[in-house]
Amino acid sequence: MKRICAKASGFFTAAVSILLACVITGILMYGMGYNPLDAYYQLFFGAVVGLSALSESVVKMVPLVFTGLSFAIAKRSGLVNLGATGQLYIGALCTTVVGVYVTGLPAALHIPLALAAGCAGGAAYGAVVGFLKNRFQANELITTIMLNEIATELVNCLVDGPMKDLDALTKFPQSKAILDSAVLPKILTGTRLHAGFLLALLAVALYGVFMKRTKWGYELRVVGMNPSAARTAGMSVQRTQLLAMLLAGGFAGLAGSIEMLAIQKRLMQSFAGNLGFDGIAVALLGGNQPLGILLSAFLFGMMSNGSNKMQMLSNVPSAVIYLMQGLIILFVVGRYLYSKKLWEGLIPQRKSRREEVRP
Amino acid sequence: MAFLEMRHIRKTFGSTVANDDVSLSVERGEIHALLGENGAGKSTLMNILYGMYPADSGEILLNGRQLHLAGTKDAIANGIGMVHQHFMLIPEQTVIENVILGNRGNPFVLNLKEQARRFTELAAKYGMEVDPWCRVDQLSVGQQQRLEILKALYKNAEILILDEPTAVLTPQEVQGLFRMMRQLTDSGCTILFITHKLPEIMDVCTRCTILRQGRTVCSMPILPGADQHELAVRMVGQEVELALHKQAAHPGEEVLRVTGLHCARSDGVEAVRGVDFSVRSGEIVGICGVDGNGQSELIRCITGLLRPSAGEISICGTDCSGAGVKRILRQGVSHIPEDRLKMAVVKEMDLCENMILMHYDQEPVCRHGFLSWRAARLQGEKICRTYQVRMSSLTQAVQELSGGNQQKLVVGRELAQDPKLLIAVHPSRGLDIGATKYIQNSIIAARDRGAAVLMVSTELEEVMELSDRILVMFNGCIMADIRQADATREKLGALMAGIKGGQTCGS
Amino acid sequence: MSALSVFLGSVVMMATTYLLAGLGAVFGERAGIVNIGIEGLMLTGALMAVVGSYTSGSVWVGLLLAMLGSMLLAAVFACFTICLHANQTVTGVALNILASGLTVLLFRTVFGLNGMIPQIDTFEALEIPVLSGLPVVGAIFGQPLPVYLAFVLVPVCQFVMNRTNLGLKIRSVGNHPKACDTVGLPVYRIQAGAILFTGLMSGFAGAFLSTGQLSFFTEGMVAGRGYMVLAAVAFGNYSPLGVMAAALLFGASEALQYRLQVAYPVIPTELYAMLPYIITLFAICIYRRKSNRPVYSGRNYLR
């Protein structure tokens with residue numbers, strides 16, 4: 001019963017946050033001379049009406065599921081992984097190396113190999129954060145951000161140098177195309193919907209089972225909530241957090257890997273845009289729960305898909321969705337706003353300012 | 001008209017009533033004790049007086065003038081100072097910075113030298129020397145307490161609230177504190193002294209007010225030769241059942257053997273210096289001593305949380321020195337840690353998840369890395385039933401339980417493992433009498449089933465009642481190994497202060 | 001003027017952006033607030049400065065607008081972290097995402113979609129007589145006014161932090177908010193003040209970036225400098241002087257990047273670009289325990 005209530009309140013928080021964000025964004029758009037209703041109409045229709053729009057939203061959702069999982073699993077172990085971007089780039093880089101330079105393999109082997117390379121690359125890069133934290137107590141906020149920049153620069157450097165496709169018609173810095181044997185198959189003809197979607201579903205399911213039903217997931221959760229109790233029970237906080245960062249990096253690496261094998265097919269500078277940080281919004285809105293992450297990833301996929309249509313048809317810059325996403329995160333982390341305690345505290349505040357004091 | 005009066009104070013936290021119609025009246029220049037059990041509402045009342053919490057209703061009068069305390073600032077401005085049980089000092093900053101922090105009338109550009117001079121003068125006046133340029137984390141506990149008192153005096157406090165000041169001191173330091181308190185009252189200070197230790201009240205106080213379950217029971221003068229037992233009865237509200245259901249011990253074979261154990265804290269100070277003892281099955285060995293004399297480190301070494309720098313620990317004949325926590329737990333060791341919420345439970349998780357915390361990777365809960373929640377539920381239900389944990393369902397979060405029920409859960413979880421060695425640290429800290437007796441009896445029952453029990457407590461009463469043998473720790477050494485029958489308060493008190501056969505040991 | 005002199009001049013110029021924001025961030029961090037949102041605050045500042053300068057024709061109005069804009073955003077941060085107990089890191093990230101959307105929206109509204117770059121008033125170089133004529137170091141004394149201001153502020157901030165009542169309060173709140181509460185300090189108000197000051201200085205830094213160092217706004221122009229500011233604060237061991245050292249280092253590596261790109265085109269510029277990040281990583285690993293990092297950093301104080 002309690003559990004159902006907790007779930008329901010999670011959905012309530014998410015729904016109210018989305019609503020508030022929409023309203024505020026709408027007001028801002030109106031204030032700047034756009035028509036918010038038209039914008040939202042185009043945003044929504046561009047995202048879900050029609051098979052191609054809907055499938056495109058799902059395509060956009062796939063990498064967000066992975067980066068969302070990446071943030072969520074680290075967060076459950078008590079770490080804030082701001083490094084999904086870097087892990088994603090390294091994953092994409094490793095995948096591209098396997099996808100381009102390993103030749104002569106059948107697809108049944110080449111695809112898993114390329115995916116595994118991406119996953120491993122991301123995981124290794126994530127593990128660096130865990131290592132620095134364990135060995136030097138380096139604050140993960142700063143190390144992840146530094147590692148993001150390093151990975152981005154590394155990819156920039158490689159696609160403009162050693163990995164640059166010299167045969168291409170453009171002078172644009174990009175790698176050679178992924179070999180056909182490594183390209184993820186489509187699962188719906190006439191759309192871009194690819195097998196990565198199934199992988200995303202699988203990843204979410206695995207995440208759920210891992211967290212709730214395995215001892216490693218249990219360790220991870222205990223470490224995240226109460227590290228000293230974890231130590232008393234004989235768990236190694238360092239090892240568990242390292243595992244969490246490894247998995248977080250793996251998920252982010254897979255995001256880059258799938259993006260590369262199914263959509264981009266060539267490694268390019270800053271191809272991932274905001275995928276890494278969007279994962280934070282996805283995980284937060286989804287309450288770090290498997291189903292929640294899936295739903296919120298779909299929402300963000302929809303938004304990113306619909307925003308292009310919106311920009312074309314109602315002239316509102318597509319960047320508006322970032323405004324909305326930022327607001328959504330704000331209202332989710334500020335969920336204390338919806339608690340009865342705050343409002344109860346505010347009303348008799350005339351008498352005494354410190355009503356919400358706890359013992 | 002009394003000097004300070006608190007009338008009909010009421011304070012609730014959510015649904016719990018911490019203070020219900022409490023009244024207190026204090027005369028100028030007296031040492032007034034506020035007596036009560038844990039959770040009787042003493043600290044809440046004093047926090048209200050100090051402006052930390054606003055009272056829901058009731059009024060405070062100082063010199064017949066009504067006080068409106070919107071915050072601690074107002075209390076300080078009215079000459080009220082408080083020394084908290086957990087010192088409110090900033091360890092990373094210097095003494096003088098701590099003293100002047102937040103004082104009214106500080107100029108924008110600080111003149112620390114001048115302030116330090118005034119502080120040293122004040123300290124000299126009361127014979128409490130503290131170097132104003134020293135970082136607070138380099139002071140001893142006793143010095144920190146003196147600093148806290150000086151800090152309040154520097155803010156011109158006339159009413160000084162001392163919240164359980166003796167909990168961290170040796171009996172000798174306590175005497176020093178009492179001398180200081182008398183000196184302060186002589187110079188016009190009024191002291192409110194929170195405690196639940198009766199003998200201390202007899203020593204130093206002139207009057208006392210007893211609180212029970214958030215209400216005032218009575219207020220009475222302390223006369224020489226007053227009946228301690230009567231006070232105790234008023235404090236706990238019923239005839240105190242002092243005796244536990246405890247038969248004589250029948251010690252069996254040796255379960256835990258510690259030889260020549262040394263251990264250093266993270267700051268390099270040696271906390272345990274060459275400790276030897278053993279615990280046999282079927283006996284309770286109690287370790288007593290003032291907090292911070294190495295008990296905590298000793299237990300952390302035995303449970304594998306800390307690596308000893310030298311020495312040997314063997315459990316059931318197996319050498320376990322430097323082994324990990326898991327290996328030690330698998331030897332049949334159960335551990336009731338010192339801080340329940342910090343070390344023993346995950347308060348956001350539900351009961352079921354907490355029930356498996358110490359053996360989550362053991363059959364039948366865990367097979368091939370997968371957890372069986374069905375098995376966990378079965379175990380959890382059994383423990384809750386056997387150990388009378390009051391709860392509405394196993395999916396309730398632990399933080400919704402009362403402290404007593406949380407501790408019962410921890411004790412039940414550990415005893416359900418049928419341990420060969422039970423390590424219990426402050427098993428009844430912060431619990432009411434009922435829960436305390438229940439938990440103490442459970443520990444005795446475990447002993448009678450053949451477990452070896454090593455218990456640590458700072459409460460002399462608990463150690464003396466429960467243990468078959470008592471070890472006294474001082475400054476990282478074991479001062480003595482005494483049988484229960486030979487233990488007296490005076491003897492233990494002297495040993496806890498490091499006095500052995502008339503000589504002071506260690507430094 | 002010699003090449004070295006020009007180089008030194010550009011080091012100081014580039015360091016100023018980091019320094020201005022860093023001086024604000026130091027006070028925030030010392031009060032126990034980890035503000036990832038500096039990136040967004042700077043971005044807002046950069047845009048508002050251009051908007052102000054464009055509409056009024058005075059760079060100073062732009063600066064004022066920039067400070068107000070970032071302080072407004074910082075107030076949102078303060079409101080969510082202090083009143084609503086929201087996680088500081090996540091709130092900061094939200095602020096960055098929000099700012100990246102908001103600035104684009106605002107920018108396109110004011111300047112239209114077709115990106116014609118109009119002429120705006122910018123900070124002009126102010127040569128200090130005599131000093132600017134010196135060999136080698138001369139170019140350091142031919143900078144826009146905010147550069148001098150930033151470096152003059154360093155000792156001022158250092159003094160305020162270590163020698164004044166205000167600094168003591170801020171440091172104490174970051175180390176032990178509960179203790180501050182017991183002596184009657186308004187912990188939340190001090191933290192809010194520190195956050196607003198961070199906002200103010202970030203706005204200044206953003207304004208300098210778009211109307212001093214460069215002369216127009218481009219979308220996402222802060223490009224990770226906000227994060228570097230945080231790194232500079234950690235690198236500078238949470239003291240204004242240290243931040244200045246870190247800012248100069250980052251400025252130097254940025255300036256070096258441009259110069260080496262010209263001098264040795266063989267080595268990819270990305271490798272130089274990586275340099276400050278790698279140095280910061282090492283620096284953070286080396287510091288560890290001797291840090292001035294506040295004990296209660298990044299956690300919300302609940303009474």
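**From chain C to a sheet in chain B**

Guide: In chain C, 78% of the contacts with a separation of 6 or more are between residues 24 or more positions apart; contact here means heavy atoms within 4.5 Å. This is a predicted model, in which local features need pLDDT of at least 70 and side-chain atom pairs count only at pLDDT 80 or more, while totals for chains, interfaces and linings use all residues. Residues are numbered from 1 along each chain as its sequence is written, chains are lettered from A and ligands numbered from 1 in the order in which they are written, and side-chain values use heavy atoms, with hydrogens and water left out.

Let us stay with chain C for a moment. Chain C has 11 helices and 2 strands, where helices (H or I, at least four residues) and strands (E, at least two) are DSSP runs numbered from the N terminus. Read from that end, the order of elements in chain C is α-α-α-α-β-β-α-α-α-α-α-α-α. The radius of gyration of chain C is 19 Å, close to the 19 Å given by the globule rule for 303 residues, so chain C is as compact as a globular protein of that length. That radius is taken over C-alpha atoms, and the rule is 2.2 Å times the number of residues to the power 0.38. The C-alpha trace of chain C spans about 60 × 45 × 40 Å along its principal axes, and 60% of its 303 residues count as buried. Buried means under 20% relative accessible area, exposed means over 50%, and partly exposed lies in between (1.4 Å probe, protein chains only).

Now to the part you asked to see closely. Chain B holds an open sheet of 6 strands in the order 6-7-8-3-9-10, with mixed pairing; two strands pair if DSSP finds at least two bridges between them. Strand 6 (80-83) and strand 10 (215-221) of chain B are the edge strands, each pairing on one side only. On average, neighbouring strands of this sheet are turned by 20 degrees against each other, direction ignored. Within the sheet, strand 3 (residues 31-35) and strand 8 (residues 190-195) of chain B run parallel, paired over 5 bridges. One residue to look up is B:Ala33, whose bridge partner in strand 8 of chain B is B:Phe193.

Helix 1 (residues 42-49) of chain B packs on this sheet, touching strands 3, 6, 7 (159-163), 8 and 9 (207-212) of chain B. Its direction makes about 150 degrees with that of strand 8 of chain B; axes are lines fitted to C-alpha atoms, for helices over the stretch in contact, and angles run from 0 to 180 degrees between N-to-C directions.

B:Lys155 counts as buried because its relative accessibility is 13%. Apart from neighbours within four places in sequence, B:Lys155 contacts B:Ile76, B:Val99, B:Leu101, B:Asn103 and, in chain C, C:Val183.

Aromatic rings come next. The whole structure has 23 aromatic pairs over all chains; rings of Phe, Tyr and Trp (its six-membered ring) pair if their centres lie within 6.5 Å, and planes under 30 degrees apart count as stacked, over 60 as edge-to-face and the rest as tilted. One of these pairs is B:Phe13 with B:Tyr53, edge-to-face at 5.2 Å centre to centre and 80 degrees between the planes. The pair joins distant parts of the chain, 40 residues apart: B:Phe13 is in strand 1 (residues 4-13) of chain B, and B:Tyr53 is in the loop between helix 1 and strand 4 (57-62) of chain B. B:Phe13 is buried, at 12% relative accessible area, and B:Tyr53 is buried too, at 15%.

Strand 1 of chain B also contains B:His8. Phi of B:His8 is near 50 degrees, a positive value in a residue other than glycine. B:His8 is partly exposed because its relative accessible area is 48%. B:His426 also has a positive phi, near 40 degrees, and is buried at 7% relative accessible area.

Finally, in chain C, the residues C:Tyr54, C:Phe107, C:Phe111, C:Phe216 and C:Phe217 form one aromatic cluster. The charged end of C:Arg299 sits over the ring of C:Tyr296, 4.2 Å from its centre; this requires NZ of Lys or CZ of Arg within 6 Å of the ring centre and within 35 degrees of the ring normal.
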